[in-house]
Amino acid sequence: MTNTQWFAEIAGRNVTAFGFVRILLASAVVFSGSTALAGDVVGVVSNSSLDRYVEGATVIVQGQSKRTTTDRFGRYVIRDVASGQVTLEISAGGFQKQTASAQVPQTGSVTVNVDLSSSYDKMEEIVVTSSRISQLLALQRKRSAENILDAVSADTVGKLPDFNAAEAIQRLPGLSVELDQGEGRYPIIRGIDSNLNNVTIDGNSVGAPEGSGRRVALDVVPSDLISVVEVVKAVTPDLDGNAVGGNINIITRSAFDSPEPFAYISGRVGYNDKSERVPYGGSAVWGSKLGATDNVGVVLAASYYNRRYNTNLIEGKSWAEFSAGNFAPEGYAIYDYDIERERIGLNANIEYRPSDSSLLYVRSIFNEFTDHERRDQMDLDAARGTQTAISDTVVQNSGGRATREYRQNDQTQQLTNVSFGGELTRDIFDWSASYTYSHAEEITPRRIDWEYRSGGNAFPNTIDVSQEYPLVDAGAAIMDPANFDFRRTRRRTDGIEEDINTFQGDLKIDMEFGQHSGYLKFGIKYGLRDKFRDRTNQNYTGATDFTLADTGLFGPGPSDFIDSLHPFGPILDFEGHEALFVSNPGMFELDAEGSAENSIATDYSIEEDILAAYGMASVDIGSWSVLGGVRVEQTEADYDAFFIDFPPADPLNPATPISGSTDYVDVLPSLHVTYRPNDNIVVRAAYTNTIGRPDYEDVVPTLEIEDEVGSSGNPALEPFESMGLDASFEYYFEPAGIVSVGVFYKDIKNPIFTRRTDNVVINGIPLLSVNRPENADSGSLLGLELNLERQFVNLPQPFDGLGASVNLTFIDSEVNVFGREADNLPFIRQPDTIGNLAVFYSVGSFEARVALTYRDAYLEAIGGDFDEDIYFDERTQIDLKLSYNATDNLSFFGELQNINDATRGEYQGVPSRLAADELYSWTALFGASYAF
């Protein structure tokens with residue numbers, strides 16, 4: 001095929017995923033035909049002092065336009081090198097530049113292995129501690145990358161700096177995490193909703209265990225099983241396009257990561273101040289190469305962690321104006337949580353290398369997160385009567401209704417990924433193929449609520465908002481269990497499961513573009529996703545009238561709730577109530593109609609097929625590297641849910657099946673340019689296009705109608721479409737450090753918000769109004785990232801042990817929201833400022849690190865106007881970590897989390913109007929690790 005025929009092939013085809021692959025194959029033939037084969041130089045670059053291979057090292061043939069970088073296992077290949085004596089130049093960030101000579105044959109290859117010394121090796125007085133190793137490896141990965149990314153790397157004893165993947169990456173520039181009862185759970189990249197991130201394990205798709213959105217809770221994955229976490233902020237065509245925020249890739253360990261076998265065990269125990277309970281856990285990792293030629297690699301790892309603790313939560317609900325310019329909450333709720341969380345992680349990777357140019361593997365990881373939640377609650381609907389302003393900060397309500405409740409919620413999330421694949425190198429061709437099965441589930445075998453409620457205006461009250469927390473005085477009567485009548489008990493089970501079957505094939509072709517080295521790469525990926533949610537409810541009301549006092553099944557509430565500022569009152573005896581339910585069935589009556597409706601209203605099933613193809617080319621032109629290409633993704637999905645019209649014709653069978661579907665194609669071009677004028681400076685620019693598929697809960701065709709008013713899902717939703725521009729300047733210090741400045745911009749089309757539409761027809765049914773998610777017009781986001789990491793090894797002793805890391809991200813966004821077009825609202829969950837500061841000191845075998853994380857306030861929920869918007873308040877947390885290497889193998893460590901007792905606060909409209917605040921206190925952990 002000639003060049004003219006190749007261009008005609010492009011012009012004459014409708015570029016679908018299959019057609020795109022044909023074009024790419026044709027292009028490979030055109031360009032590969034001009035490649036002249038000659039001698040090759042191959043080898044491995046490693047570091048014996050760290051017992052690691054060096055990834056991302058640059059290998060250059062002096063006097064020729066030949067260069068390449070090493071892969072994860074330190075391997076490199078330079079093709080078509082002129083025969084004769086040549087000199088190689090090998091360099092990597094944090095390592096000393098070296099040269100090596102080789103006699104290149106006219107045909108075949110010559111092997112040149114290099115032991116590349118780290119910059120620390122020449123500093124005999126400097127002890128290379130774990131944080132220094134982690135920083136060196138992470139910065140080298142960033143420095144050698146073809147695109148814009150950040151990384152967290154495990155140290156020589158296989159430890160990340162935090163206990164789960166979400167918390168480990170929150171210290172990277174532009175990263176923050178959403179908290180769930182004091183623990184980092186959902187990563188937010190540059191202020192973009194975590195549902196718009198793409199999460200992979202070893203580059204393979206991961207299921208989402210939750211039923212509402214696509215986000216993956218990374219606290220499920222313990223850090224003990226992880227080698228590296230990469231956060232790609234500007235994706236390349238070979239990565240999934242569903243990544244408006246970015247791509248988070250969790251890389252597990254390989255036996256071929258290290259020249260030698262490795263084994264680690266660790267254990268830890270702690271103390272939580274608020275609960276006075278003891279968390280504990282441990283992990284073990286073993287990896288080795290087996291066989292007569294060390295061509296079989298096996299890694300086995302296990303992790304266990306158990307934590308039981310308490311939190312207190314206070315809520316001020318629906319702040320409203322009670323006198324001119326003065327606001328108070330119309331409702332008030334307090335919650336006392338007793339939480340037990342158990343994490344189990346298992347990892348088994350088996351790799352077989354029949355030859356130096358081939359690899360077969362099975363990689364598997366299993367993670368289980370079990371949450372046992374016990375919750376006592378008192379809820380006051382305070383503003384039920386008339387209101388009287390006592391002062392600018394005190395309002396009196398003539399009546400209020402209260403409830404006392406208990407919830408037992410047992411829930412287990414599981415993530416399982418199993419990948420089978422292989423890699424093969426033949427001459428200039430690198431082939432890879434894989435099949436991945438991913439299973440995610442969230443099973444709630446038991447969620448039981450018991451609820452007692454007072455009369456409609458039983459508790460006149462006053463609310464004082466002059467303090468940090470609203471102070472509510474409803475009199476002594478609200479503490480009397482005789483004033484609370486049994487209302488109901490609700491008993492629920494939930495099952496959410498998602499299965500993903502993914503097939504992927506890739507081909508990389510080493511090329512010569514004139515005098516410049518590079519490669520072509522293309523591939524195809526097919527993913528089939530099946531997901532369902534199934535709920536069963538059994539709701540019971542009282543067959544007879546009785547109060548909480550009549551049962552005698554209550555006890556005193558916590559005396560120290562919110563530092564004893566808010567008396568809790570009587571709490572329910574859950575075990576006693578369960579025994580009452582079993583032994584006295586005549587006291588309870590099944591609400592058959594309500595149970596049937598609740599059991600099916602949110603059920604759905606989804607089948608989503610994604611076919612993708614990509615093509616990309618990369619070329620090195622002197623100090624410049626250019627990577628460009630395009631990815632095409634075709635999405636087809638079918639959705640099944642239920643329609644409920646209140647009141648239903650058949651109360652015991654209230655739902656009618658309803659279906660929907662969607663089909664769309666996205667073409668996603670990208671371009672990445674990197675300029676390296678010297679060994680210390682890297683300048684990058686990127687143009688990318690990504691999408692964000694709608695959340696499951698938004699797109700399934702649920703429909704509920706009551707009195708001609710409906711709420712529904714919307715299968716016709718279009719995906720988010722994002723165009724991104726990025727630029728960065730990076731200066732690297734030796735032996736390890738960086739100062740960088742980055743700017744980024746995203747133009748995001750089709751953001752999704754709930755909209756009320758009047759006089760509308762849904763599924764052939766005329767309605768007065770319907771609330772459903774719809775695509776808005778567009779929004780934009782502009783940001784600046786500043787980062788400094790430095791180890792001050794050149795200072796005189798004892799200051800040469802000092803190091804620091806600080807990063808700041810400033811973000812400004814604007815999005816058009818239905819009914820709020822004039823308000824210039826930011827994107828949901830987008831803070832204006834994100835910051836991290838860490839200072840560490842190493843002397844001998846001792847190391848200390850103090851870390852501070854800061855996140856500005858962000859919008860969490862949009863109301864009818866500014867006064868109704870809900871924000872998560874700004875938050876600063878300080879942690880301390882100490883470690884001591886007693887021997888070359890044995891290390892001890894201690895950690896103090898949340899030294900400053902940071903809470904999770906929310907407010908309505910302005911910070912003075914508290915919507916919620918949850919208190920956790922601090923946790924101390926102590927442990928030891930041993931490397932064999």
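# Contacts and burial in a predicted model

Q: What makes the contact between the side chains of arginine 214 and glutamate 608 a salt bridge?
A: In this predicted model, the N to O distance between the side chains of arginine 214 and glutamate 608 is 2.8 Å. A salt bridge needs a side-chain nitrogen of Lys or Arg within 4 Å of a carboxyl oxygen of Asp or Glu. The pair meets that rule and is a salt bridge.

Q: How do you know that the pair of arginine 214 and glutamate 608 links distant parts of the chain?
A: Arginine 214 is in the loop between β14 (204-205) and β15 (226-232), while glutamate 608 is in strand β33 (residues 604-621). The two are 394 residues apart.

Q: Why is arginine 214 called buried?
A: Its relative accessible area is 10%. Buried means under 20%, so arginine 214 counts as buried.

Q: What makes glutamate 608 buried?
A: Glutamate 608 has a relative accessible area of 2%. The cut-off is under 20%, so glutamate 608 is buried.

Q: How many salt bridges does the rule give?
A: The count comes to 66 salt bridges.

Q: How do you know that arginine 913 and aspartate 867 form a salt bridge?
A: Their closest N and O atoms are 3.0 Å apart, and the rule asks for within 4 Å. Arginine 913 lies in the loop between β51 (904-908) and β52, and aspartate 867 in the loop between β47 (858-861) and β48 (870-872), so the pair ties together parts that are 46 residues apart in sequence.

Q: Why is aspartate 867 called partly exposed?
A: Aspartate 867 has 29% relative accessibility. Buried means under 20% and exposed means over 50%, with partly exposed in between. The value of 29% falls in between, so aspartate 867 is partly exposed.

Q: What makes the pair of tyrosine 452 and phenylalanine 546 edge-to-face?
A: The ring centres of tyrosine 452 and phenylalanine 546 are 6.4 Å apart and the planes stand at 75°. Rings pair if their centres lie within 6.5 Å, and planes over 60 degrees apart count as edge-to-face. Both conditions hold, so the pair is edge-to-face. Tyrosine 452 is in strand β25 and phenylalanine 546 in the loop between β29 (516-542) and α5 (548-551), 94 residues apart. Both residues are buried.

Q: How do you know that tyrosine 731 and phenylalanine 733 are an aromatic pair?
A: The rings of tyrosine 731 and phenylalanine 733 are 5.4 Å apart, centre to centre, and the limit is within 6.5 Å. The planes are 75° apart, and the pair is edge-to-face. Tyrosine 731 has 30% relative accessibility and counts as partly exposed, whereas phenylalanine 733 has 17% and counts as buried.

Q: What makes arginine 215 count as lying over the face of tyrosine 186?
A: Arginine 215 is at 3.7 Å from the ring centre. The distance rule is within 6 Å for CZ of Arg, and a second rule asks for within 35 degrees of the ring normal. Arginine 215 does lie over the face of tyrosine 186. Arginine 353 lies over the face of phenylalanine 256, at 4.0 Å from the ring centre.

Q: Which residues touch the most other members of the largest nonpolar core?
A: Trp450, Ile478 and Phe588 do so, in a core of 40 residues. β20 gives the most to this core, with four residues. A second, separate core of 35 residues includes Val177, Val220, Ala301 and Ala931. In soluble globular proteins, nonpolar side chains tend to be buried together.

Q: Why is valine 278 called partly exposed?
A: Valine 278 has 45% relative accessibility, which is between the cut-offs of 20% and 50%. Valine 278 sits in the loop between β17 (262-272) and β18 (280-290). With Val269, Tyr271, Tyr280 and Phe926, Val278 forms a nonpolar surface patch with about 450 Å² of accessible area together.

Q: What makes aspartate 707 exposed?
A: Aspartate 707 has 64% relative accessibility. Exposed means over 50%, so aspartate 707 is exposed. Aspartate 707 lies in the loop between β37 (703-706) and β38 (709-712). Its phi is positive, about 55°, although the residue is not a glycine.

Note on methods
Residues numbered from 1 in each chain as written. Predicted model: local features only at pLDDT ≥ 70, side-chain atom pairs only at ≥ 80, totals over all residues. Heavy atoms only, no water. Patch = residues over 30% accessible without salt bridge, like charges linked within 9 Å, V, L, I, M, F, W, Y side chains within 5 Å. Areas by Shrake-Rupley, 256 points an atom, 1.4 Å probe, with all protein chains shown as cover. Buried < 20%, exposed > 50% of the residue type's maximum accessible area, 1.4 Å probe, protein only. Core = buried A, V, L, I, M, F, W, Y, C linked by side-chain atoms within 4.5 Å. Phe/Tyr/Trp six-rings, centres within 6.5 Å; stacked < 30°, edge-to-face > 60°.
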